[in-house]
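Hi,

Here is the structure I said I would pass on.

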Amino acid sequence: MKALIVSASKNNTDLLVSYAHDAGYDTITYTWLLKALDNVEEITPHLVILSAVDYPRQWKTFIQYAESCIPGFKPDIVLLAPAGFDESEIQKAHWLGVRGYITGTDEAQLAKLRGLLQGGAESAGGLVIADEKADEADAANAADEADSEASDFPVTVESVIAESVPLRSDEAAHGGSVPLPECTGKGNAAERCKLLFVHPKTGSFVTGKVVRYEPPYVTFLPDQHALPGLKAGTVITDATLKNENGISSVRAEIIESGAELTLRCTAVSE
């Protein structure tokens with residue numbers, strides 16, 4: 001069995017990895033949620049432990065996106081939540097199918113995690129809704145709010161990454177550039193590439209298809225038909241490019257915009 005752990009805290013990650021190993025899981029860990037999202041289809045984990053402390057709004061989109069791109073994707077999902085996890089957030093997590101949450105990685109909270117995976121919602125930390133007879137209107141409101149927040153991220157990734165993780169400024173991105181990974185296999189290079197980025201204005205994830213890959217230029221066809229704010233000269237600072245030779249964090253400048261985007265990309269060291 002595989003466990004995917006997404007947390008910006010090395011201490012929390014190390015403790016969760018140790019627990020998961022003891023519970024019989026092989027673990028895959030990510031600090032950056034964007035990279036985890038880009039690889040979740042390939043990993044197809046049985047268990048996802050996702051830090052809602054480090055990603056207080058993106059966790060909702062992670063769950064929705066992952067389930068939409070993998071048919072039958074129904075892992076056990078547990079949130080590492082802040083103390084005093086808000087009741088409205090619990091309602092949204094319940095609607096999204098989250099199994100439960102813990103509020104730390106001490107022995108008591110890891111015992112709760114064990115109970116969540118072995119038992120039901122009655123286990124400590126399970127998503128017990130305060131009003132078990134909440135009507136359909138309440139559930140619909142929770143769903144609408146979750147959908148709304150999933151498409152309304154903070155403007156910058158910096159605002160949601162824990163302070164313990166080094167942040168990449170524009171200057172650091174320019175100074176830490178490395179070559180894009182080459183496509184060395186036979187056939188159309190674009191077909192073996194995937195690109196995913198964060199919209200620099202709205203903060204939402206942008207997915208689509210790589211149409212042409214000729215480093216440093218990438219022609220990209222977004223899944224979304226209308227993407228306001230993406231015009232020539234716009235700089236995208238948070239993107240992930242993947243091909244058979246590796247995964248790169250990418251900084252991209254839009255050279256041409258329209259139905260397709262022509263991007264000049266530079267991989268950045270982390």
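Which residue takes a positive phi just after H4? That would be Gly97, with a phi of about 90 degrees. The names H and S are DSSP runs numbered from the N terminus: helices are H or I with at least four residues, strands are E with at least two.

Some housekeeping before the rest. This is a predicted model, with residues numbered from 1 along each chain as its sequence is written. Local features need pLDDT of at least 70 and side-chain atom pairs count only at pLDDT 80 or more, while totals for chains, interfaces and linings use all residues, and side-chain values use heavy atoms, with hydrogens and water left out.

The sheet

There is an open sheet of five strands, in the order S2-S1-S3-S4-S5, with parallel pairing (two strands pair if DSSP finds at least two bridges between them). S2 (26–30) and S5 (100–102) are the edge strands; each has a single partner strand, so one side of each has no neighbour in the sheet. On average, neighbouring strands are turned by 20 degrees against each other, direction ignored. For angles, axes are lines fitted to C-alpha atoms, for helices over the stretch in contact, and the values run from 0 to 180 degrees between N-to-C directions.

Take S1 (residues 2–6) and S3 (residues 47–51) as an example: they pair in the parallel sense over four bridges. In that pairing Ile5 of the sheet stands opposite Ile49 in S3.

In the loop between S3 and H3 (58–69) you will find Asp54. Asp54 is buried, at a relative accessible area of 7% (buried means under 20%, exposed over 50%, partly exposed in between, with a 1.4 Å probe and protein chains only). From Asp54 to Val6 is 48 residues in sequence, and 9.1 Å in space, C-alpha to C-alpha.

The expected span is 1.5 Å times one less than the number of residues. Buried in H1 are Asn12, Thr13, Leu16, Val17, Tyr19 and Ala20. These cover an arc of only 165 degrees around the axis, which puts them on the same side of H1; the arc is that of the directions from the helix axis to the C-beta atoms. Lys10, Asn11 and Asp22 are exposed on the other side of H1. The cover over the buried residues of H1 includes S1, S2, S3, S4, S5 and H5, where contact means heavy atoms within 4.5 Å.

H5 (residues 107–118) lies across S3, S4 (76–80) and S5, and runs at about 165 degrees to S5. Its twelve residues reach 16 Å from first C-alpha to last, close to the 16 Å expected at 1.5 Å a residue. The buried residues of H5 are Gln109, Leu110, Leu113, Gly115, Leu116 and Leu117, and what covers them includes H1, S3, S4 and S5.

Salt bridges

How many salt bridges does a search of the whole structure find? The search gives five, taking a salt bridge as a side-chain nitrogen of Lys or Arg within 4 Å of a carboxyl oxygen of Asp or Glu.

One of them joins Lys194 and Glu41, with the closest N and O atoms 3.8 Å apart. Lys194 is in S7 (residues 194–198) and Glu41 in H2 (residues 33–43), so this pair ties together parts that are 153 residues apart in sequence. Both ends count as partly exposed, Lys194 at 41% relative accessibility and Glu41 at 40%.

Another is inside H4 (residues 87–95): Lys92 and Glu89, at 3.1 Å between the closest N and O atoms. Lys92 and Glu89 are three residues apart in the helix, which means about one helical turn between them. Lys92 counts as buried at 3% relative accessibility, and Glu89 is buried at 13%.

Then there is Glu253 with Arg264, at 3.0 Å from N to O. Glu253 lies in S12 (residues 246–256) and Arg264 in S13 (residues 261–268), so parts eleven residues apart in sequence are tied together. Glu253 is partly exposed at 24% relative accessibility, as is Arg264 at 34%. Finally, salt bridges that share partners join Lys60, Glu89 and Lys92 into one network.

Cheers
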